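Please look through the sequence and the structure shown here, keeping an eye on the charged side chains. The briefing is about how some of them pair up.

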Amino acid sequence: MGIRHEYVTFCHICPNHCALKAVVEDNKVLEVKAGGGTGFPVHMCSVQKGPDHVIGTINSPDRLTKPLKRKGERGRGQWQEISWDEALDTIAAKLLQVKKDFGPERVVMILGEPKGTEFAFGQRFATAFGTPNVVTPGNYCGVQNTESLRYTFGSRYIMARMDAPPRVIIVWGANLAHTGGTFSNIGRYDFNRALVSNDCKVIIIDPKNIELWPEKGMHASDADYWLRPRPNSDGILAMGLVKVIVEEGLYDPEYIEQWTVGFEEVQKEVAGFTLEEVEELTWVPKETIQEVARVYATEKPGVIGSGNALEGSTQAFQTLRAICLIRGITGNVNTPDGGHVDMIPPDYYPPGRFMIGDMKEKLWEYPRSPERTIGGGVFQLSSRFGYVPTQGLVHALLTEKPYLPKVGLAFVTNPLLTYPDSLATEKAFRKLEMLVVSELFPTATTNIADIVLPAAFMHEHDTVAYWPAWFANVRANRKLVDPPGEAWSDMRMINELAKRVGLGEYFWETEEDALDYLVKPLGMTWQKFRDEVIYLHGKSAYDPDQVAGYHTKSGKVELSCAELAKAGVDPVPCFAKLKDPLRGKFDFSDDYPLMMTNYKSEIFMLSGYRNLGLLKDKSLPPTVYMNPDTARDYGLAEGDWIYIETYKGRIRQQLALQPGMHPKVVNVEFGWGDWGLADANMNLLTDFDEPWDYPTGSVAIRGYACKVYKAA
Amino acid sequence: MDKVLAKKDFPRFLADLQRDHQVLGPTRRGGGTSTYAKALFAPIRHAEDLEINYQSSMLSPKKLLFPDNQPIYEYEKKGGQVELRPAGEQWDRNVVLLGVHPCDLAAIACLDKLFLEDRFQEPTYQDRRGRLTLVGLTCAESTPHCFCNLMGAGPDAEGGYDLLLTDLGDRYFTRCQGAKGDKLLAADYFQEATGADQQARAQALARLEAGLPEALDIAAVVEHMKDRYSDELWQEFSEVCCACGACNMVCPTCHCFTILDRTNPDRSRGKRVLVWDPCHFERFAQMAGNASVRGEKSARYKHRLYDKLLYDPQRHGRLFCVGCGRCIEFCPAHIDLRAVLRKLEG
């Protein structure tokens, strides 16, 4: 019997990144549980998906364990096991040939949500290799939130200030009981405390009657306010709230005068529409909008936590900007009585610099300029944030404009399920001359790959974890056990590939060298960080005596933002344009009288881990929610398997009834599609094509008119 | 009276119940609004809605009888007057709660003591309890968290039900208590139980008992608690506690609540609601002047167990822990109450 160790590590399945304790013996993980008593954050969802997915993944018989090369036709599932040398040499040869014959931009790095350091490695490789085409799901995940904060308040690191209990919390398109939101250091327990307090109003804005506190059986319908806006009308609702605050004078004129720019422009914009219009477009009663605006403006500190749900629309950026206006006009950011505060992250190697910034000579040689980048001329801001929108790649592959990409290198991502319009995505990806996919498990995307690389799980190698970077914390995720078979960490794959394409000088001899480099600014080695420090949180810039200031160009809250205007983006959210996601191909018709939106599972992470028994047993099958009255009108009953159809296609999920939901909304579950459930894939309902959110490259992933009928 | 119900006749039994009652039972509906597939007590329309072989639910029947977020009254200012309107949610039909495990039956007996039989009568609880028929079900198997045997609450139920079913494969052994149960048992699909049925029932429960934790002298535990109020063990067991209150919420007997006013911004109208309040929150014991008598989480952890095992028995004559295991299953830090009890026993 070996020595039994108890290690602290962190869950990565949602952005709360709870501390976990893992008991390890003889290269086996015996137990994983919440890291209570470690002194590190533990919010712990009631599902306890963290421990389950760690143990489940490490012990899964489904893991990929050897590099595989396609045999025969694409998508037939026939593979030949090859060595790492053969895999990497084959890829390197193709990369160098494409670079020589067509230019490095024809190689596309395709990345998903970062877990450890692999995302940063992928970005760094792209910079060194000379391709500006790094495709990430940032176009509908986090960017609208962080960038609207940055353009408005001068920082991406604006978080909830939890040293004083907030007097109002607005949860907008986020599911705090089950996951950390795009922005939230509102821990689950802080939130629970607010739910049993007379001092805090809780306002939920969500089409779904989300669980607020599962162990209590408490839902959105038990909150002070539950607003159920029409999917993708959130920007209009936000502007409605701004209008009430501005026109009822629910702001501090002195603060507006001294600390904001552009108030007059906002006044002018909100004078151009009525609350009746807002009610009609959002389905939220005018009186409710007025009450919520008054509550938020007068009860301080006030926190608005928004989630991914607001980021998948053709007006995503301005929707989040409009929410920033609410925070800004009410003086809720970086003020002594505000609900939000700037965080100063720990001084480790900043991911942005690691990805792009410390290879200046490479950037001069191969700039990430709009002319070289897919969609560079179309998306006003996205290339500044270092990504190509996902549907931009699909569009480029299908139209061959501005050129036809030749090679795709995919890490931590499953585009065939997660990009809008799965059929178009598959058709597009099949046009790549070489698709390389690194994965834990077989997926829809590995199925059409040319080379599949077996990846080590997050807990099977040492790595620095920092994502979401704007949460301002950095964590040591230590290796608990060896990876299965010949699996390698993504970091190691990229490091070794770099050496084979002549870019070794930008990478490292070993993974540990790379980790040392990342934590060097902290004044310590990786080993010290991993074994002694483990976790560092940012510092709050809160000042109880004065406004802490803003790092915008003007040094003030930019209600109207000149920098945006310079980039060709409306400096103030334009009410008329915020109606775009409700119009045209998205709108109701005789054929499609209901409105599809979607939610993420409370059990899994995005499309992942759906094969793990421990999690599968905890989950319902693919589930679509509807109002009971609507279901009855269509002859449908609880438990029926039904088709949900949009103009793009149809999917099959099981119906669950949810009293209180808006009768026109059909809420389908995102993320299914692998493991024999191809017909439950939500992205068969969505469209990759224009219109898009031109500043950030978002695309509509909800808010499509639909119909429902019983499946045979 | 003991009878048996052939499983093929179960739909008839259910249909008869549905004629005069709303039937609630364990379903596989997740949290009702989430895909977390833990059993949930919800309306049963068809026999197939029933997840009769469920192991445990996150929310106990407490949620139905003593609801969280319960409106008490609404008010509205009209001119100089304040109008008060009662806002309690009454059941408009008689209800059958089907498939309640013995631990949860024992928990309802605890709530009965508290809200019906002793010093106070809680009107909503009283009304609902009067309309309720309880059809219990002994467990088919235990979960890794169960310890009903240690608390004398299972695996068999000694009372607290109208009917009690035990799964014997192709039939349910059905025991009844009281007039409501007698009436139900009069239906022609219930057959007299034979000696073999009795024996099969005893064997099923013995098998179940064998899977439950080794016996424990709960009287000794309680006795020792009296001397160990200042013991270090409370610190030791609560060290990893997240003070999240999950154990309070899922506990079928925890009944502490606070009163909140949900008002509109100018406070001209609103409603007063009763909200379950976890004693694991520091604010729970906060007093005027911001003093808290249980500022340390170890003090809160300790208090909850003293309440259940010592103070409640003194007040209400029975243990207020029924060994359902929810506090273990849903504790994010995996704190195991059974380990605490063993330590106290020795």
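The model is a predicted one, and a search of the whole structure finds 79 salt bridges over all chains. Side chains of opposite charge can pair when their charged atoms come close.

**A pair between two loops of chain A**
- A:Glu486 and A:Lys66 form a salt bridge in which the closest N and O atoms are 4.0 Å apart.
- A:Glu486 sits in the loop between strand 21 (473–477) and helix 18 (490–500), while A:Lys66 sits in the loop between helix 1 (49–58) and strand 4 (68–70), so the pair ties together parts of chain A that are 420 residues apart in sequence.
- A:Glu486 is partly exposed, with a relative accessible area of 33%, and A:Lys66 also counts as partly exposed, at 31%.

**A pair within one helix of chain A**
- A salt bridge joins the side chains of A:Arg632 and A:Asp629, with 3.3 Å from N to O.
- Because A:Arg632 and A:Asp629 are three residues apart in helix 24 (residues 628–633) of chain A, about one helical turn separates them.
- A:Arg632 is exposed, at 58% relative accessible area, whereas A:Asp629 is partly exposed, at 42%.

**A pair and its network in chain B**
- B:Glu74 forms a salt bridge with B:Arg85, and their closest N and O atoms are 3.6 Å apart.
- B:Glu74 belongs to strand 4 (residues 70–78) of chain B and B:Arg85 to strand 5 (residues 81–86), eleven residues apart.
- Salt bridges with shared partners join B:Glu74, B:Glu76, B:Lys78, B:Glu83 and B:Arg85 into one network.

Note on methods:
Residues are numbered from 1 along each chain as its sequence is written. Chains are lettered from A and ligands numbered from 1 in the order in which they are written. This is a predicted model: local features need pLDDT of at least 70, side-chain atom pairs count only at pLDDT 80 or more; totals for chains, interfaces and linings use all residues. Side-chain values use heavy atoms; hydrogens and water are left out. Helices (H or I, at least four residues) and strands (E, at least two) are DSSP runs, numbered from the N terminus. Buried means under 20% relative accessible area, exposed over 50%, partly exposed in between (1.4 Å probe, protein chains only).
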